Amino acid sequence: MTEVFEWLDGTRRWRVPYDRIGHGPPLLCLPAPSTISTRQEMRDLAERLARGRCATLIDWPGLGDADRAPIRYRAPLYSRFLAAFVERLGESIEGVAAGHAAGYLLEAACGATSRFRRLALLAPTWRGPLPTAMGRHPRTWAALDTLVRAPLVGPLLYALNSSRGFIHWMMRRHVYADPAHITDARLDARVRTAQRPNARFAAVAFVTGGLDAFRSRDRFLELARRCPASIFVGIGERTPPKSLAEMQALAALPNVRSVTLPGSLAFYDEYPDEAATAIAAFLGV
C-alpha cells in the first residue's frame, strides 16, 4: 500500500511516498540516496523480511518518486527528514539501510536511543562517489556541484551523467555483479529515475559528497561504536576496492556482525534471497 508522508521543513512542504508491506512491528527500509536509487530497489528484500513485521519503504526528498525541489541539497535536510518520519513509527524499530542511508540511520539510532533495536546496514558508505574514487578536493567538488545546479550548462552536464549508456556502464561497473541481472526493465526504471525533472540537484549533491553525513571515517566509526542498537553489515563480495575498505573498517568493530554476500553495491536488489536469509538470521525471524 502506497501512502504519502507530507513533511513541512521550515517553509518548504515535501510530499514523499512510502509503501507498507505486511503487519506487525515496524521494519524501516531506506534505499541509498543516490542518482538511480528508489525505494523499489528494496521491495524484493522487504517482501522476504515482512513476516510478522510491517516493512516500510520510503524515498528521500529530491530522489526516487519524492518531490524534487531545485535547491542545494545537504545532509542535514535528510537527517531532519528521517527524524521526522521515525516519529511516526513509534518505538522498537528495526532498520535496514543501503549505501549512504546507513549513516543517517546510525545518526537516528544514536539520537533516539530507545527507538531502535537492530540496524542492518547494506553496503554502507559515508563518503560520496567522487571523493571516494578521487580523493578529498572540497573546492573542486563544490564547484562541480554549483556548475551542475546552474541553468543552461547544468542540464547539459547532467544529461551526460543520466544518459542510458552512462547509467548502464555505471551499473555494470560497480552496482551489479552479474550483467545478466541488468535487464531492460531494470535499466529503464533507473534511467527514468535519473531523468525526472529537477533530478540533477540532489543527484549532484550525492556524487560530489554534499550528502555526506560525516567528514571522516573516524567520525563514522565512532558513531557506530557507541550505537546502542545491534548492528549488522552486509558486504557484496565484488564491492569496489575503495568502498570495500570503508565497509571492512566498519565490520571490524567489536559490536558489529558482518556477512559477505554475492553481488556488489546493490547485492540486496540483485540477490534478495541470499540477503534476506542473512538479515533474517540477524533480526531473529
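What follows covers the pockets, the cavity and one glutamate.

## Basis of the model

This is a predicted model, in which local features need pLDDT of at least 70 and side-chain atom pairs count only at pLDDT 80 or more, while totals for chains, interfaces and linings use all residues. Residues are numbered from 1 along each chain as its sequence is written, and side-chain values use heavy atoms, with hydrogens and water left out.

## Largest pocket

Rolling a probe the size of a water molecule over the atoms shows where empty space is left. On a 1 Å grid over the protein atoms alone, a pocket is an open set of points with protein on both sides within 12 Å along at least five of seven lines, a cavity is a set where a 1.4 Å probe fits but cannot get out, and lining residues have an atom within 4 Å of a point. Grid points are joined across faces, edges and corners, and a volume is the space filled by probe spheres set on the points.

The largest pocket holds about 1200 Å³. Its lining has 49 residues, and Pro129, Leu130, Met170, His174 and Phe206 lie nearest the centre. Several helices supply at least two lining residues each, among them H4 (129-134), H7 (164-175) and H9 (199-208); helices are DSSP runs of H or I with at least four residues, strands are E runs of at least two, and both are numbered from the N terminus. H7 gives the largest share, 6 residues. By class the lining has 31 nonpolar, 11 polar and 7 charged residues (Ala, Val, Leu, Ile, Met, Phe, Trp, Tyr, Cys and Pro count as nonpolar, Asp, Glu, Lys and Arg as charged, and the others, Gly among them, as polar).

Of its 17 lining residues, Arg136, Pro138, Thr208, Gly209 and Arg215 lie nearest the centre. H5 supplies the largest share, 4 residues, and the lining divides into 6 nonpolar, 4 polar and 7 charged residues.

There is 1 cavity of 30 Å³ or more. Residues lining the largest cavity include His100, Tyr104, Trp126 and Phe214, and no charged residues are found in this lining.

## Glu94

Glu94 sits in strand E5 (residues 93-98). Glu94 is buried, at 1% relative accessible area (buried is under 20%, exposed over 50%, partly exposed in between, with a 1.4 Å probe and protein chains only). Beyond neighbours within four places in sequence, its contacts include Pro26, Arg53 and Leu283, where contact means heavy atoms within 4.5 Å.

The side chains of Glu94 and Arg117 make a polar contact at 3.1 Å. Such a contact is a pair of N or O atoms within 3.5 Å; within protein, one must be able to donate a hydrogen and the other to accept it, and residues adjacent in sequence count only if both atoms are side-chain atoms.
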